[in-house]
Amino acid sequence: MKEFSIKDVGVKVGLEIHQQLATNKKLFCNCTPIESDEYSTKFQRKLRASKSELGEFDPAALFESTKSKTIMYYANHESSCLVEQDEEPPHELDKDARRIALIISSALKSNVFSEIYPMRKTVIDGSNTTGFQRTMLISQGGFYNVGDVKIGIQSICLEEDAAKILGEEGSIRKFGLERLGVPLVEIATEPFEAELTEIKKIALSLGRILRSTKKVKRGLGSIRQDVNVSIKDGGGHSN
(Lines give C-alpha, C1' and ligand atoms only; values in the text may rest on other atoms or scores of the structure.)
Protein backbone atom coordinates (compact mmCIF):
# COMPACT_ATOMS: atom_id res chain seq x y z
CA MET A 1 0.00 0.00 0.00
CA LYS A 2 1.29 3.45 -0.93
CA GLU A 3 2.22 5.59 2.06
CA PHE A 4 -0.14 8.52 2.51
CA SER A 5 1.30 11.96 1.82
CA ILE A 6 -0.46 15.22 2.63
CA LYS A 7 0.78 16.60 -0.68
CA ASP A 8 -1.33 14.06 -2.57
CA VAL A 9 -4.57 15.79 -1.55
CA GLY A 10 -3.34 19.27 -2.42
CA VAL A 11 -3.77 20.87 0.98
CA LYS A 12 -3.57 24.66 1.12
CA VAL A 13 -3.67 26.62 4.35
CA GLY A 14 -4.41 30.24 5.17
CA LEU A 15 -4.02 31.88 8.58
CA GLU A 16 -6.16 34.61 10.15
CA ILE A 17 -4.50 36.24 13.14
CA HIS A 18 -6.43 38.48 15.56
CA GLN A 19 -4.00 40.32 17.84
CA GLN A 20 -5.03 42.83 20.53
CA LEU A 21 -2.99 46.05 20.60
CA ALA A 22 -1.35 47.50 23.70
CA THR A 23 -3.14 50.86 23.96
CA ASN A 24 -4.32 52.87 26.95
CA LYS A 25 -7.90 53.10 25.73
CA LYS A 26 -10.38 51.41 23.45
CA LEU A 27 -10.68 52.00 19.73
CA PHE A 28 -13.64 54.41 19.73
CA CYS A 29 -13.86 55.72 23.31
CA ASN A 30 -11.68 56.70 26.28
CA CYS A 31 -12.40 53.60 28.40
CA THR A 32 -9.42 51.64 29.69
CA PRO A 33 -9.32 47.96 28.64
CA ILE A 34 -9.47 46.32 32.10
CA GLU A 35 -10.34 42.65 32.58
CA SER A 36 -12.81 42.28 35.44
CA ASP A 37 -15.49 39.82 36.48
CA GLU A 38 -17.30 42.41 38.62
CA TYR A 39 -20.27 44.07 36.89
CA SER A 40 -22.31 47.01 38.15
CA THR A 41 -24.74 47.25 35.20
CA LYS A 42 -26.73 44.80 33.15
CA PHE A 43 -29.22 45.22 30.31
CA GLN A 44 -30.72 43.07 27.58
CA ARG A 45 -31.28 43.33 23.84
CA LYS A 46 -32.88 41.43 20.97
CA LEU A 47 -30.90 41.71 17.73
CA ARG A 48 -32.38 41.12 14.29
CA ALA A 49 -31.02 40.88 10.76
CA SER A 50 -31.30 43.96 8.56
CA LYS A 51 -30.51 44.63 4.92
CA SER A 52 -27.09 45.88 3.89
CA GLU A 53 -26.42 49.00 1.82
CA LEU A 54 -26.91 46.75 -1.23
CA GLY A 55 -30.41 45.85 -0.08
CA GLU A 56 -29.51 42.24 0.73
CA PHE A 57 -29.62 40.12 3.89
CA ASP A 58 -26.46 38.39 5.08
CA PRO A 59 -27.16 34.59 5.09
CA ALA A 60 -25.22 34.08 8.34
CA ALA A 61 -27.21 36.86 10.03
CA LEU A 62 -30.50 35.33 8.87
CA PHE A 63 -29.47 31.96 10.28
CA GLU A 64 -28.49 33.51 13.62
CA SER A 65 -31.81 35.39 13.83
CA THR A 66 -33.70 32.08 13.68
CA LYS A 67 -32.25 31.19 17.10
CA SER A 68 -34.22 34.10 18.64
CA LYS A 69 -31.75 34.62 21.48
CA THR A 70 -32.20 37.26 24.16
CA ILE A 71 -28.82 38.90 24.81
CA MET A 72 -27.95 39.88 28.38
CA TYR A 73 -25.03 42.30 28.73
CA TYR A 74 -22.95 42.90 31.85
CA ALA A 75 -20.88 46.06 32.15
CA ASN A 76 -18.40 47.73 34.50
CA HIS A 77 -18.15 51.53 34.36
CA GLU A 78 -14.37 51.31 34.73
CA SER A 79 -14.00 49.45 31.45
CA SER A 80 -17.04 50.42 29.35
CA CYS A 81 -19.30 53.40 28.72
CA LEU A 82 -22.33 54.40 26.65
CA VAL A 83 -20.39 53.72 23.44
CA GLU A 84 -20.19 50.01 24.28
CA GLN A 85 -23.88 50.04 25.18
CA ASP A 86 -24.68 51.59 21.76
CA GLU A 87 -26.30 54.53 23.53
CA GLU A 88 -23.73 57.07 22.28
CA PRO A 89 -21.99 57.59 18.91
CA PRO A 90 -18.39 56.32 18.62
CA HIS A 91 -15.67 58.84 19.44
CA GLU A 92 -12.67 59.69 17.29
CA LEU A 93 -10.48 56.76 16.26
CA ASP A 94 -7.68 56.10 18.76
CA LYS A 95 -4.47 57.47 17.23
CA ASP A 96 -2.20 55.02 19.07
CA ALA A 97 -4.11 52.04 17.66
CA ARG A 98 -3.86 53.47 14.15
CA ARG A 99 -0.13 54.09 14.54
CA ILE A 100 0.50 50.54 15.79
CA ALA A 101 -1.48 49.08 12.86
CA LEU A 102 0.69 51.09 10.46
CA ILE A 103 3.87 49.86 12.20
CA ILE A 104 2.73 46.24 11.82
CA SER A 105 1.87 46.84 8.16
CA SER A 106 5.33 48.26 7.55
CA ALA A 107 6.98 45.34 9.37
CA LEU A 108 5.17 42.95 7.01
CA LYS A 109 6.03 45.07 3.94
CA SER A 110 2.34 45.59 3.25
CA ASN A 111 1.02 48.36 1.00
CA VAL A 112 -0.74 50.95 3.18
CA PHE A 113 -3.77 52.76 1.79
CA SER A 114 -3.67 56.56 1.61
CA GLU A 115 -7.12 56.80 3.22
CA ILE A 116 -8.71 54.62 5.91
CA TYR A 117 -12.48 54.32 6.43
CA PRO A 118 -14.47 52.39 9.07
CA MET A 119 -16.70 49.70 7.58
CA ARG A 120 -19.35 47.53 9.22
CA LYS A 121 -19.50 43.73 9.38
CA THR A 122 -22.95 42.43 10.28
CA VAL A 123 -22.77 40.42 13.53
CA ILE A 124 -25.99 39.56 15.40
CA ASP A 125 -24.83 36.70 17.63
CA GLY A 126 -24.77 39.23 20.49
CA SER A 127 -21.01 39.76 20.62
CA ASN A 128 -21.55 43.38 19.47
CA THR A 129 -24.31 45.51 20.97
CA THR A 130 -24.66 47.43 17.70
CA GLY A 131 -25.32 44.35 15.55
CA PHE A 132 -22.15 44.99 13.56
CA GLN A 133 -18.36 45.17 14.01
CA ARG A 134 -16.40 48.27 12.99
CA THR A 135 -13.34 47.42 10.90
CA MET A 136 -10.88 49.33 8.71
CA LEU A 137 -8.79 47.98 5.85
CA ILE A 138 -5.28 49.32 6.55
CA SER A 139 -3.15 47.63 3.89
CA GLN A 140 -2.92 44.80 1.37
CA GLY A 141 -0.07 42.65 0.12
CA GLY A 142 3.25 42.07 1.82
CA PHE A 143 5.09 39.01 3.09
CA TYR A 144 7.36 37.53 5.75
CA ASN A 145 9.93 34.75 5.56
CA VAL A 146 9.99 31.55 7.58
CA GLY A 147 13.33 29.99 6.74
CA ASP A 148 13.34 29.61 2.95
CA VAL A 149 9.54 29.86 2.72
CA LYS A 150 7.92 33.17 1.74
CA ILE A 151 4.45 33.66 3.25
CA GLY A 152 2.30 36.23 1.47
CA ILE A 153 -0.01 38.66 3.27
CA GLN A 154 -3.50 39.15 1.87
CA SER A 155 -4.78 41.99 4.06
CA ILE A 156 -4.31 43.79 7.38
CA CYS A 157 -7.30 45.35 9.16
CA LEU A 158 -7.73 47.43 12.30
CA GLU A 159 -10.94 46.57 14.12
CA GLU A 160 -12.72 46.47 17.46
CA ASP A 161 -12.73 43.26 19.49
CA ALA A 162 -15.99 41.56 20.40
CA ALA A 163 -17.64 41.21 23.81
CA LYS A 164 -16.62 38.29 26.02
CA ILE A 165 -19.03 35.36 26.08
CA LEU A 166 -20.08 34.49 29.64
CA GLY A 167 -22.35 31.55 28.83
CA GLU A 168 -25.88 30.58 27.84
CA GLU A 169 -28.97 29.63 29.82
CA GLY A 170 -31.77 28.43 27.58
CA SER A 171 -32.74 31.26 25.24
CA ILE A 172 -30.50 33.78 27.05
CA ARG A 173 -26.92 34.42 25.91
CA LYS A 174 -24.65 36.41 28.25
CA PHE A 175 -21.75 38.75 27.38
CA GLY A 176 -19.34 40.95 29.35
CA LEU A 177 -18.51 44.32 27.77
CA GLU A 178 -14.98 44.83 29.14
CA ARG A 179 -13.41 43.41 25.96
CA LEU A 180 -15.82 45.02 23.47
CA GLY A 181 -14.06 47.83 21.58
CA VAL A 182 -10.49 46.79 22.44
CA PRO A 183 -8.39 47.54 19.32
CA LEU A 184 -6.93 44.61 17.43
CA VAL A 185 -5.34 43.88 14.07
CA GLU A 186 -6.61 41.12 11.83
CA ILE A 187 -3.94 39.70 9.53
CA ALA A 188 -4.92 37.29 6.74
CA THR A 189 -2.19 35.40 4.90
CA GLU A 190 -2.28 34.22 1.33
CA PRO A 191 -2.97 30.46 0.94
CA PHE A 192 0.22 28.41 1.14
CA GLU A 193 1.26 24.78 0.92
CA ALA A 194 3.19 23.34 3.86
CA GLU A 195 3.73 20.16 5.80
CA LEU A 196 1.52 19.84 8.88
CA THR A 197 4.55 20.18 11.16
CA GLU A 198 5.45 23.51 9.50
CA ILE A 199 2.08 25.24 9.94
CA LYS A 200 2.61 25.86 13.65
CA LYS A 201 6.09 27.23 12.94
CA ILE A 202 4.67 29.64 10.35
CA ALA A 203 2.02 30.88 12.81
CA LEU A 204 4.59 31.28 15.60
CA SER A 205 6.88 33.26 13.30
CA LEU A 206 4.09 35.77 12.59
CA GLY A 207 3.40 36.02 16.33
CA ARG A 208 7.08 36.81 16.98
CA ILE A 209 7.00 39.61 14.41
CA LEU A 210 4.02 41.15 16.19
CA ARG A 211 5.73 40.86 19.57
CA SER A 212 8.88 42.48 18.20
CA THR A 213 6.95 45.75 17.81
CA LYS A 214 6.46 45.78 21.63
CA LYS A 215 3.03 47.29 20.90
CA VAL A 216 0.80 44.22 21.26
CA LYS A 217 -0.84 42.66 24.29
CA ARG A 218 0.41 39.43 25.84
CA GLY A 219 -1.47 36.77 27.76
CA LEU A 220 -4.35 34.36 27.38
CA GLY A 221 -6.93 35.56 24.87
CA SER A 222 -4.83 38.45 23.55
CA ILE A 223 -4.16 36.63 20.26
CA ARG A 224 -6.45 34.24 18.38
CA GLN A 225 -5.49 32.30 15.28
CA ASP A 226 -7.85 30.67 12.77
CA VAL A 227 -6.60 28.08 10.30
CA ASN A 228 -8.51 27.90 7.00
CA VAL A 229 -7.92 24.65 5.08
CA SER A 230 -8.79 23.67 1.52
CA ILE A 231 -8.03 20.52 -0.45
CA LYS A 232 -7.72 19.88 -4.17
CA ASP A 233 -11.11 19.42 -5.86
CA GLY A 234 -12.76 19.83 -2.48
CA GLY A 235 -15.16 22.44 -3.77
CA GLY A 236 -14.86 24.58 -0.63
CA HIS A 237 -13.01 25.01 2.62
CA SER A 238 -13.30 24.11 6.26
CA ASN A 239 -11.96 25.55 9.51
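Helices (H or I, at least four residues) and strands (E, at least two) are DSSP runs, numbered from the N terminus. The model is predicted: local features need pLDDT of at least 70, side-chain atom pairs count only at pLDDT 80 or more, and totals for chains, interfaces and linings use all residues. Residues are numbered from 1 along each chain as its sequence is written, and side-chain values use heavy atoms, without hydrogens and water.

**View A. The largest pocket holds about 380 Å³ of space.** Its 15 lining residues include Ser50, Lys51, Thr122, Gly131 and Phe132, the closest to the centre. A pocket is an open set of points on a 1 Å grid over the protein atoms alone, with protein on both sides within 12 Å along at least five of seven lines; lining residues have an atom within 4 Å of a point. Points are joined across faces, edges and corners, and the volume is the space filled by probe spheres set on them. Strand S5 (residues 118–122) gives the most to this lining, with three residues.

**View B. The structure holds one cavity of 30 Å³ or more.** Here a 1.4 Å probe fits but cannot get out. The volume of the largest cavity is about 110 Å³. Of its 13 lining residues, Val83, Glu84, Arg134, Glu160 and Leu180 are the closest to its centre.

**View C. Serine 68 has a positive phi of about 50 degrees, although it is not a glycine.** Serine 68 sits in the loop between helix H1 (59–65) and strand S3 (70–75).

**View D. Lysine 214, also not a glycine, has a positive phi of about 60 degrees.** The loop between helix H3 (196–212) and strand S12 (223–230) contains lysine 214.
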